[in-house]
Amino acid sequence: MNTVQCPSCGSIDVTASQEPGSLPMSYGPDATFVEVNHTCNSCGLCADFTGENDAVVKAAIEKSEAAAAESILRWFSENGVPAVHFERVLRLPMRTTQRWKSGEVSAAALALLRLTRTYPWLLDVADSNYDEHVAIGALIEAAGHAFRAGLCAQFKGGSIAVTQTATQVNINAELYRHEPVGPPVFTGTDRGQVYIQPLAPSFG
Ligand SMILES: [Zn+2]
């Protein structure tokens, strides 16, 4: 049964084929859908004759966005931020997140979710009523975590100790290599900075 008509020549000798597609979705499953392509066997025109693909893709994106919202909120919940806390610090009406999870998630709401998921410390800043000192402190702490995570990728562990007196600040960092290296690596210091020289060439 095929009653689709070619919009160009009017022929109903039309073949329909299905083509799966997907769009990536940040923090959520890909939006997956099946588009229909029509080919007129009389004039060769190939297109979406019935114009249904736009709605199919839109529905898939909306479904994926709701799943992304649900996924982000679940991540917060698993990391000590239940929905009620999320709503309170962001001054959202109660059960707002419930509506988002059920599919009523606007573009602005999804942007808020993605931003807070990417930078969770934004919630601490909001909780302080956007206090400038809290904002700066949270940013520096987050930078410290990112720095440490970067170090951990290169070293199997370590510690950084900071002590200070009235006249000086001492920073002692120990970083443990994954594998021992050959000869000692020379280090040096300069006023206000410390540098580690690259691995010395092998002495053969
Ligand atoms: Zn045609």
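1. In this predicted model, strand E1 and strand E2 (residues 31-40) are paired in the antiparallel sense, and the pairing extends over 10 bridges. Within this part of the structure, Thr15 is the residue that stands opposite Thr39 in E2. Helix H1 packs on the sheet, where H1 touches both E1 and E2, and the direction of H1 makes about 175 degrees with that of E2.

2. The sheet to which these strands belong is an open one, formed by three strands in the order E1-E2-E3 with antiparallel pairing. Strand E1 (14-23) and strand E3 (46-47) stand at the edges and have a single partner strand each, so one side of each is left without a neighbour in the sheet.

3. For the chain as a whole, six helices and seven strands are assigned, and from the N terminus on the elements follow the pattern β-β-β-α-α-α-α-α-α-β-β-β-β.

4. Turning to the helices, the axes of H1 (residues 53-78) and H4 (residues 107-118) come within 10 Å and cross at roughly 35 degrees, and the crossing in which H1 passes H4 is left-handed. On the H1 side the contact is made by Glu65, Ala68, Ala69, Ile72 and Trp75, while H4 contributes Leu110, Leu113 and Arg117. By residue class, the contact of H1 with H4 divides into six nonpolar and two charged residues, with no polar ones.

5. Which residues make up the largest nonpolar core? This core has 10 residues, namely Ala68, Ala69, Ile72, Leu73, Phe76, Phe86, Trp100, Val105, Leu110 and Leu113. The elements that give two or more residues to the core are H1 and H4, and of these H1 gives the most, with five residues.

6. Leu113 deserves a separate remark. This residue is listed in the core and also takes part, from the H4 side, in the contact with H1. When residues up to four places away in sequence are not counted, Leu113 touches Ala69 and Ile72, and both of these residues are likewise listed in the core and in the H1 side of the helix contact.

7. Two totals for the chain complete the note. Of its 204 residues, 10% count as buried, and among the contacts with a separation of 6 or more, 45% are accounted for by residues 24 or more positions apart.

Conventions. Residues numbered from 1 in each chain as written. Predicted model: local features only at pLDDT ≥ 70, side-chain atom pairs only at ≥ 80, totals over all residues. Axes fitted to C-alpha atoms, helices over the stretch in contact; angles between N-to-C directions. Helix = DSSP H or I, 4+ residues; strand = E, 2+ residues; numbered from the N terminus. Left-handed = near helix turned anticlockwise from the far one by under 90°. Contact = placed C-beta atoms within 7 Å. Nonpolar A, V, L, I, M, F, W, Y, C, P; charged D, E, K, R; others polar. Pairing = 2+ DSSP bridges. Buried ≥ 20, exposed ≤ 12 C-beta atoms within 10 Å, placed from the backbone. Core = buried A, V, L, I, M, F, W, Y, C linked by C-beta atoms within 7 Å.
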